[in-house]
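Welcome, and thanks for taking a look at this one with me. Below are some numbered notes to read alongside the model.

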Amino acid sequence: MQFIDLAAQQKRIRSKIEANISAILDHGQYIMGPEIKLLEERLANYAAAKHAIGCASGTDALLMALMAFDVAPGDAIFTSPFTFIATAEVIRLLGATPVFVDIDPQTYNIDPAKLELAIQAVKQDDPTIHPIPQNCSQLRPKGIVAVDLFGLPANYGKIETIAEKERLMVIEDAAQAFGAEIEGTKAGAFGHIACTSFFPAKPLGGYGDGGMCFTNNDQLFETLESLRIHGKGQDQYHNVRIGVNSRLDTLQAGILLAKFDVFPEELILRQQVANVYHDYLGTQTAIVPPVVPPNFKSAWAQYSICAPDTDQRTKIQTQLKAAQIPTAIYYPKPLHLQTVFAGLGYHYGDFPVSEDCAGRIFSLPMHPYLTEKEQEKIAFIIMNECPKRDC
Ligand SMILES: *Cc1c(COP(=O)(O)O)cnc(C)c1O
């Protein structure tokens, strides 16, 4: 069994992919070919964002979004400690300081109530209000990078209200959530800039690295377009700012166009897979299945569940592995405990929800082509290992 079955998808769309690649080999515009604009238009239209800017990875999309706001040393950027390293890495890369805010135990996304406390703690340089990095006295609150973990959007209703009150910018890390929704508004349309990733394992994945920024703001769009090509002005030989080389490859755009044709249907299939898991695990085991709040739709990048404790998790994973069923742990170590961020001075105990989840969470195979039979097999092993009351 595959954790993510890219081959099943390729079988469906192989001829379309080959036709698109073939067309690119014919026209030869490997850099910024016409497929880039086409993909940007299609995805912007889908997410109902005014502009889209393709780039080389989800990480670069986040980096460029922060650069578009001139994020620099002295800036405090509020984000989740329970995410992939890239979210906080790019903040530090620009010399700014990630200020971590614990997650909601149900959604695994940043907890808006704690976000308010963290902002006050930085403003007053008072770690008794909320844990903050060392030497916080020099920091200015600048923005929030909210993460849509496992495909579920963060609570943008509350996050954007707080941001407006505090005059902070908001960046949506939708690397895992393209296709997700809140009340009909799609991921990619939240915050001032939204960023997604086309890493092969993401809901809309290519055959290599790629990413995209979305924004409704004309000025930010112009800045992002410039940043992606060495801070270009009227062209790349007239430079107006420090930028990066972060174009999306034309070949990758051609592949993504073919994949996007089946993407809406794949989202429905992912939802069905999630429903089947939920019916088994939510009612018949001591497992905590994912919670999707009312009016939210997940893109189901991962189906992540919590075992009652670390030992139970190990036992379940071992049993599944013996049956050739792969699982993964996202994420075994919250970012505030990572060696790379030791200099921020955080400690174990600062973010108990993230720490607790890291010890119990694991992800089951999730892709649109998982069969009910395969899911049944997975569910029975878990039900056996972790029945309703007694574990
Ligand atoms: C995958 C991911 C990224 C980075 O995307 P890449 O395309 O791999 O650079 C950033 N944030 C989150 C939450 C991710 O899952």
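Predicted model: local features only at pLDDT ≥ 70, side-chain atom pairs only at ≥ 80, totals over all residues.

**Notes on the model**

1. Residues are numbered from 1 along each chain as its sequence is written, and side-chain values use heavy atoms, with hydrogens and water left out. Helices (H or I, at least four residues) and strands (E, at least two) are DSSP runs, numbered from the N terminus.

2. Now to helix α4 itself, which spans residues 86-93. Ala86, Thr87, Ala88, Val90 and Ile91 are buried there, where buried means under 20% relative accessible area, exposed over 50% and partly exposed in between (1.4 Å probe, protein chains only). The cover over these buried residues includes α3 (58-68), β2 (75-79), β3 (97-100), β4 (140-147) and β5 (169-173).

3. Next, have a look at strand β1 (residues 51-55). Five of its five residues are buried, so the strand is largely enclosed by the rest of the structure. Both faces are covered: His51, Ile53 and Cys55 are buried on one side, and Ala52 and Gly54 on the other. The strand pairs with β9 (residues 211-215) in the antiparallel sense, over five bridges; two strands pair if DSSP finds at least two bridges between them. Within this pairing, Phe214 in β9 is the bridge partner of Ala52.

4. Which strands make up the open sheet of three strands, and in what order? The order is β7-β6-β10, with antiparallel pairing. β7 (185-186) and β10 (296-297) stand at the edges with a single partner strand each, so one side of each has no neighbour in the sheet. Strand β6 (residues 181-182) is joined to β10 by two bridges, and Glu181 has Lys297 in β10 as its bridge partner.

5. Glu181 turns up again through its side chain, which meets that of Lys186 in a salt bridge (3.4 Å, N to O). A salt bridge here is a side-chain nitrogen of Lys or Arg within 4 Å of a carboxyl oxygen of Asp or Glu. Both Glu181 and Lys186 are buried.

6. How many salt bridges does a search of the whole structure find? There are 14. One of them joins Asp75 to Arg140, with the closest N and O atoms 2.8 Å apart. Asp75 lies in strand β2 and Arg140 in strand β4, so the pair ties together parts that are 65 residues apart in sequence. Asp75 counts as buried at 3% relative accessibility, whereas Arg140 is partly exposed at 45%.

7. Two further items belong with the salt bridges. Asp111 and Lys114 meet through their side chains (3.7 Å, N to O); Asp111 is buried, with a relative accessible area of 13%, and Lys114 is partly exposed, with 24%. Lys37, Glu40, Glu225 and Arg228 are linked in a network of salt bridges.

8. On to the aromatic rings: a search of the whole structure finds 18 aromatic pairs. Rings of Phe, Tyr and Trp (its six-membered ring) pair if their centres lie within 6.5 Å; planes under 30 degrees apart count as stacked, over 60 as edge-to-face and the rest as tilted. Tyr46 and Phe178 form a tilted pair, 5.5 Å centre to centre with 40° between the planes. This pair links distant parts of the chain: Tyr46 is in helix α2 (residues 34-47) and Phe178 in the loop between β5 and β6, 132 residues apart. Both Tyr46 and Phe178 are buried.

9. Another pair, Tyr108 with Phe150, is edge-to-face, at 5.8 Å centre to centre and 80° between the planes. Tyr108 lies in the loop between β3 and α5 (112-123) and Phe150 in the loop between β4 and α6 (156-166), so the pair ties together parts that are 42 residues apart in sequence. Both Tyr108 and Phe150 are buried. They also belong to one aromatic cluster, formed by Phe3, Phe82, Tyr108, Phe150, Tyr330 and Tyr331.

Key:
Contact = heavy atoms within 4.5 Å.
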